[in-house]
Protein chains: 2
Amino acid sequence: MSKIRVLVVDDHTLFRQGIVGLLESQPDIEVVGQAGGAKDAITAAVELSPDVVLMDISMPGTTGLTATAEIKARSPKANVLILTIHDREDYFYQALRAGASGYVLKGADIRDLLDAVRSANRGDVYLYPTATKALVADYLRRAKAGEDRAGYDGLTDREREILHLIAQGKTTPEIAVELSLSPHTVQSHRDHIMTKLDLHSKAALIKYAIAKGLIEL
Amino acid sequence: MSKIRVLVVDDHTLFRQGIVGLLESQPDIEVVGQAGGAKDAITAAVELSPDVVLMDISMPGTTGLTATAEIKARSPKANVLILTIHDREDYFYQALRAGASGYVLKGADIRDLLDAVRSANRGDVYLYPTATKALVADYLRRAKAGEDRAGYDGLTDREREILHLIAQGKTTPEIAVELSLSPHTVQSHRDHIMTKLDLHSKAALIKYAIAKGLIEL
DNA sequence: GCCCAAATCGGTTGTTCGCCCCAATCGTCT
DNA sequence: AGACGATTGGGGCGAACAACCGATTTGGGC
């Protein structure tokens, strides 16, 4: 069983060396490189192809987030673990989007850090509790937003059909051709729809349709 | 420091008693009740007001998920931890939506279960690795869909401003009044917008604006 | 100084919208 | 049998839209 090859990136030399010492004391972990800046980190990651990159987020010049994105682009099999003092949601989300495999606070216990390194090596994602809560809350917020589907406020089948076509951007005569109807009939349906929904413009109809999930972007 | 009051719900008596034994052996955890069915679980949760409910997801009759939702509705301060053999994404998402504070597999280590119970008691969310990965993947999928923001395909500031107002459903003369411009000017901007975006109707403009996140529902 | 893009203002033409009016047919429910 | 809603069809009118034409002014870059 080969050791987990780790690259440690942090501009604070003392802190970095402390981390390296802690990691080296583990039988299953091997520190294969260190970097004190974002540029060094990228070249080191490409050359050494480590299993896990421990990345500080706040570094002078190029930030750890862009370095993370760069590393994931050039060396996708490297799992980047963000190690930071910032317990901030926006940083955390940025880290996820940059392709990070985890987010650990510097205030965390060493056991958590080791767990995170091993998780990252397995391809799993390690998140600290606040981040997990934020992510779940975000999911629930989005799930709730998507729940207000259905319930077309008393529209008939034909009216929903017409509304669907209107919302696609089709004009009244176009719809008339498509449904083999007189334009007057389509017009009539449209009038009914707008009366029922208390909407008074095509714009409002389209927004309504999108809000109800009738059409996609 | 008072102990963490736990209610254990599982229809498999032997397994349930095993879990109870393991929990009772912890100095900071106290099992205050057990239930072998969803109905019993709900009444027990209301009566005992435990800190944490360990809930099996697959039970005959009313499922653990509906029981979870019911408990969260009637006794919101109880943190429900789903304990199941099913490593299935859909169950996991359903559990989140039902208000669960965590999701632990029965195949997990006892240390993980204890961590989860303590996390739930703190109000944190505990997820097993697969679930975390799924949640992150879901977030990234949604984030990517929403990323096509900005990059308004070469629109000028003024044009974006006009587009924003159009997408709100305002008519050309209304916009002219609002910006103290001639209707002809607004018309001209609108023409430019439609030419640049290769869109040919108000409907298309609104859908474009929504897709780009310019306006909300 | 010249060029170009942006922003402003103006007009014309045909189409579509939004809102009224109306009526005939059909099915369901009472 | 009568009432009601859904669907279909029709006319008219003023406003807005969509597409084209033109123009001037302003500001920045080469």
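Reply: Happy to! A residue counts as near a molecule or strand if its C-beta atom, placed from the backbone, lies within 6 Å of it. Please keep in mind that this is a predicted model.

Me: Which residues come nearest to DNA strand D?

Reply: There are 20 residues around DNA strand D. By class, this surface has three nonpolar, five charged and twelve polar residues. Those that come nearest are Thr156(A), Arg158(A), Ser182(A), Thr172(B) and His200(B).

Me: Which helices each supply at least two residues of the surface near DNA strand D?

Reply: Both protein chains take part here. From chain A come helix 7 (157–167) and helix 9 (183–197), and from chain B, helix 8 (172–179) and helix 9 (183–197).

Me: Which helix of chain A gives the most to the side that touches chain B?

Reply: In the contact between the chains, 26 residues of chain A meet 26 residues of chain B. Helix 4 (89–98), helix 6 (129–145) and helix 10 (202–211) of chain A each supply at least two residues of that side of chain A. With ten residues, the top contributor is helix 6 of chain A.

Me: Which residue of strand 6 of chain B does Gly102(B) stand opposite?

Reply: Strand 5 (residues 102–105) of chain B pairs with strand 6 of chain B in the parallel sense, over two bridges. Opposite Gly102(B) stands Tyr126(B).

Conventions: Residues are numbered from 1 along each chain as its sequence is written. Chains are lettered from A and ligands numbered from 1 in the order in which they are written. This is a predicted model: local features need pLDDT of at least 70, side-chain atom pairs count only at pLDDT 80 or more; totals for chains, interfaces and linings use all residues. Two residues are in contact if their C-beta atoms, placed from the backbone, lie within 7 Å. Helices (H or I, at least four residues) and strands (E, at least two) are DSSP runs, numbered from the N terminus. Two strands pair if DSSP finds at least two bridges between them. Ala, Val, Leu, Ile, Met, Phe, Trp, Tyr, Cys and Pro count as nonpolar, Asp, Glu, Lys and Arg as charged, and the others, Gly among them, as polar.
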